[in-house]
Structure formats: structure tokens, C-alpha cells
Amino acid sequence: MDLDVFVSAHRAEWDRLEALLRRQRRLNGAEADELVTLYQRTATHLSLIQSSAPDPQLTGRLSQLVARARGAVTGTRRASWRDVTRFLAHGFPAAVYKSRHWWVPTALLSTAVAALLGWWIGTHPEVQASIAAPGELRELTRPGGQYETYYSSHPAASFAAQVWTNNAWAAALCLILGVFLGLPVLWILFQNMLNLGVGVGLMSSAGRLDTFLGLVLPHGLLELTAVFVAAGTGLRLGWTLIDPGPRTRRTALAEEGRAAIGMAIGLALVLFVSGAIEGFVTPSGLPTWARITIGVAAEAAFLAYVYVLGGRAARAGETGDVEAAERSATVPTAA
């Protein structure tokens, strides 16, 4: 594309659009129709320039024009309960479902790493000695020790809120930092699996692995699933930077990034549930089988939500991105 020729051919349309946007009075019917037509043309021009001959100054001007014209054409849109319902019933579960090829392998490999670390720590006293002194290890693992009292050391409500905040922040970091080729996500994931492996190894070496699992499983199933979903989505976002497919890299990152932001909100709700279980169920006086049953039921409900509702929404074309009317105008790209 010869940029100078393109600008000369369309500058008059852009100037006219800017003039219409500056009108202080209400536009009449003909002017409103002209505004819509010029908005559509300018959006197409912007996409062509971005994909063929990007020029920062021109792109900035046209982006501003398109944004202003879009606001004038569509008006200010307010969020409604319909948006919340659509997000929870279609957008979020569909986004999780569509990213399953990333987070399911992430979950399986991470669990294997945690189990391997737990076995290594539990069967090697010298590794345990490098973690803490013998007296400290006994204090951690004994009946009524720190591993058991951790879940009841604070009032349930404040403990649940603290757990939820920490986990939601970790999930958000996985989603946000995925754009850095996924490397920070791998580190965050490893730290989580290392903490779990240390607990498994130390409690198994003390012959109390059943107690540890009885404390972790009620909330841990749902909590770890949410972390795995966030990590898998972050890795997918990083891979999009490497291989955007038939889309331009800018478009691919925009689409995947918007879906990831939505998933951060949805996963915060999931982690709120797991935090409530950790704060109120895990330290409760319920028998171990009852606490684990609650955790398994919460996990099963989430998986059914993703694979039934999310699968149905994904097959209907839902991607977890914002609605088409809310996206920037783009032109088709060849595969």
C-alpha cells in the first residue's frame, strides 16, 4: 500500500467525520446517516493501515476518530444484569471449556510434579533436614501441630477472606503474566506445587498423610482446579504471542486478552467458594469423609458447569470474548 496515496484519497472523509463529531447541535437525519457511513469507512481504513502500512501518528488519529464516532453512533452503554447473566451462563464457562486443552494437561503434569516432590521429600531424611530443624518438623507434623491448627488459627470469616484474596491474586498473576511467553506462569505454578509437595512429603514421613489429605482435599480440589485453569490460560496467552494463527498478532492478543480478563473475574468467584470451604468446612468438626464429600461435590459441580454449560455455549459460537458489538472494527484476514 502506498500510504501517501491512501491518505490523499481518504483525508477528506476523515476531516468530514471529524467535523460532524464537533457539531454542537443535534444532527439531522441525513447528517446522522453520513456519520454512520463515515464511521464504518474509517474503521475499515484503520484496519487496513494497521495490517498493511502501520504509521503511529496516522493510526493514533484514526483510532481516536473511530472511538469518538463509535460513541456517537452507539451511545453510552451501561452494564446490566443481562450482561452478568450472559457472562456466568455462557461467556465464562465457554472460555474455560475452550481452554481445556491447556489447563487439563497443566493440571495432570502439575499434580505429577507435586506427587514426585512429595515422594522425594518423604523418603529422603536429608532433604527434610534441609527444610527445617528436627524439632520444627515435629511441631509441624505432630497431632495438633501447625499443619492442623493452620486452618483454625484465625476466625473463619477473616481466614476465608484472606485465603480468597491470596488465591485470586495468584490466579490473576497467572493470567496477566502469561503474555511474557508463559515463563512467569511456570514459576508461579512450580511454587504452588512445591508447597503442596512439601506438605505431602513431611506428613507422609510422619505417618500422617491421611490427616493431611483430609485437611487439603475439601477446599484444595476446587482451589487447585482454579489455579490450573488460570495457569493453562496464561500459557495459552503466551503461546498466542508466538503463534497467533490466521489472525494478526495484535488481534489475537486482544481477543485472548479480553477472554483472560473475563476468566480472572470468573475464577475469583470460584476461588471465593473454595475460600469459604477452607474457612468454614476444613476446620469444622465434621468427620473427614463429610468434609471431603463437600469438596468433591464442589469440584464435580464446577466441572459439570464447564463441560455441560460451557461446552454447549462453545458449540454455539461463544468464545468468552465481549459481544461483537463491543469489539473494535477489523477486516478479515486470510488464513
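Since the model is predicted, local features need pLDDT of at least 70 and side-chain atom pairs count only at pLDDT 80 or more, while totals for chains, interfaces and linings use all residues. Residues are numbered from 1 along each chain as its sequence is written, and side-chain values use heavy atoms, with hydrogens and water left out.

Let's start with the overall layout. The protein splits into domain 1 (3-74) and domain 2 (82-326), with bounds that come from an automatic or database domain assignment. Taken over C-alpha atoms, the centres of the two domains are 45 Å apart.

Next, the annotated spans. An unreviewed UniProt entry lists residues 102-121, 168-189, 221-239, 259-277 and 289-308 under "transmembrane region"; positions are in the numbering used here, feature names are shortened, and annotations may be inferred rather than shown by experiment. Residues 221-239 are 100% helix and 0% strand in the model, with end C-alpha atoms 27 Å apart. Residues 259-277 are also 100% helix and 0% strand, and their end C-alpha atoms lie 27 Å apart. Helices here are DSSP runs (H or I, at least four residues), as are strands (E, at least two), numbered from the N terminus.

Now zoom in on T233, which sits in helix 11 (residues 209-242). T233 is buried, at a relative accessible area of 6%; buried means under 20%, exposed over 50%, and partly exposed in between, with a 1.4 Å probe and protein chains only. Leaving aside residues up to four places away in sequence, T233 touches S99, L175, A260 and M263, where contact means heavy atoms within 4.5 Å.

For a contrast, look at I261 in helix 12 (residues 249-281). I261 counts as exposed, at 57% relative accessibility. From I261 to S274 is 13 residues in sequence and 20 Å in space, C-alpha to C-alpha.

Back to helix 11 and its packing. The axes of helix 11 and helix 13 (residues 288-315) come within 7 Å and cross at roughly 10°. Axes are lines fitted to C-alpha atoms, for helices over the stretch in contact, and angles run from 0 to 180 degrees between N-to-C directions. The two helices are therefore roughly parallel to each other (under 35 degrees; over 145 is roughly antiparallel, 65 to 115 roughly perpendicular, and the rest oblique).
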